[in-house]
Amino acid sequence: MKLLQRNSQKKRIAKIDLFGLIAQEIPGEIGASMVDDLILQIRQAAYDKSVAALVIHIDSPGGEVTASDVLYRELTLTREEKPVIVYMDSVAASGGYYTAVGGSHLVAHDLCITGSIGVILQTLNFEGLSKMVGVSALTFKSGA
């Protein structure tokens, strides 16, 4: 977390970077994971009376849904206390965008690639194999 301050002012703005993949499995420098590190930074800025606002700088293709949701919720709690300005840089897609919408104000670079919350799903297609071994799908439902 970086604190931006003019010498003549007592209030500061905290800048927190969220770069790269969002995942609990990525080790943190302070906490157990990179998500824990971000939460610690957000909470520190939220509780610091000298911090007037937070700027969250996001450049992320996304990552884990749960990890993104945890960060989203942390930002929504923080924005109740002070402004949370989210700057979406080159990419704020999927979980990066999910996290971003937790802020009170969103700003995106003109060329930022953003959006796509939950629109990509990878799966396996066993149709050919199912036909070869005689497996078919059955649907059970009540009503019309």
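Q: What makes a set of grid points a pocket and not a cavity?
A: A pocket is an open set with protein on both sides within 12 Å along at least five of seven lines, whereas in a cavity a 1.4 Å probe fits but cannot get out. In this predicted model, the largest pocket holds about 280 Å³ of space.

Q: Which residues are closest to the centre of the largest pocket?
A: Of its 15 lining residues, D17, E29, D37, L38 and Q41 are the closest to the centre. Strand 2 and helix 1 are the elements that each give two or more residues to this lining. The largest share, 5 residues, comes from strand 2.

Q: How do the residues of the largest pocket's lining divide by class?
A: They divide into 8 nonpolar, 2 polar and 5 charged.

Q: Why is the other kind of space called a cavity?
A: The label applies because a 1.4 Å probe fits there but cannot get out. The structure holds 1 cavity of 30 Å³ or more. About 40 Å³ of space lies in the largest cavity.

Q: What lines the largest cavity?
A: L18, L38, I42, I56, L71, L75 and T99 do. Helix 1 and helix 2 are the elements that give two or more residues to that lining. By class, the lining has 6 nonpolar residues, 1 polar and no charged ones.

Q: How do you know that the span of helix 1 is close to the expected one?
A: Helix 1 covers residues 34-47, 14 residues in total. The expected span is 1.5 Å times one less than the number of residues. For helix 1 that gives 20 Å, and the helix reaches 20 Å from its first C-alpha to its last.

Q: Why are M34, V35, D37, L38, I39, Q41, I42, A45 and A46 of helix 1 called buried?
A: Buried means under 20% relative accessible area, so each of these residues falls below that cut-off. The buried residues of helix 1 pack against strand 2 (12-19), strand 3 (51-60) and helix 2 (65-78).

Q: What share of the chain counts as buried?
A: Of the 144 residues, 33% do. The accessible surface comes to about 9500 Å², with 57% belonging to carbon and sulfur atoms.

Q: In what order do the elements of the chain run from the N terminus on?
A: They run β-β-α-β-α-β-α-β-β-α. The chain has 4 helices and 6 strands.

Q: What share of the chain's contacts between residues at least 6 apart join residues at least 24 apart?
A: The share is 60%. A contact here needs heavy atoms within 4.5 Å.

Note on methods
Residues numbered from 1 in each chain as written. Predicted model: local features only at pLDDT ≥ 70, side-chain atom pairs only at ≥ 80, totals over all residues. Heavy atoms only, no water. Buried < 20%, exposed > 50% of the residue type's maximum accessible area, 1.4 Å probe, protein only. Areas by Shrake-Rupley, 256 points an atom, 1.4 Å probe, with all protein chains shown as cover. 1 Å grid on protein atoms, 1.4 Å probe; cavity = no way out; pocket = protein on both sides within 12 Å on 5 of 7 lines; lining within 4 Å. Points joined across faces, edges and corners; volume = space filled by probe spheres on them. Nonpolar A, V, L, I, M, F, W, Y, C, P; charged D, E, K, R; others polar.
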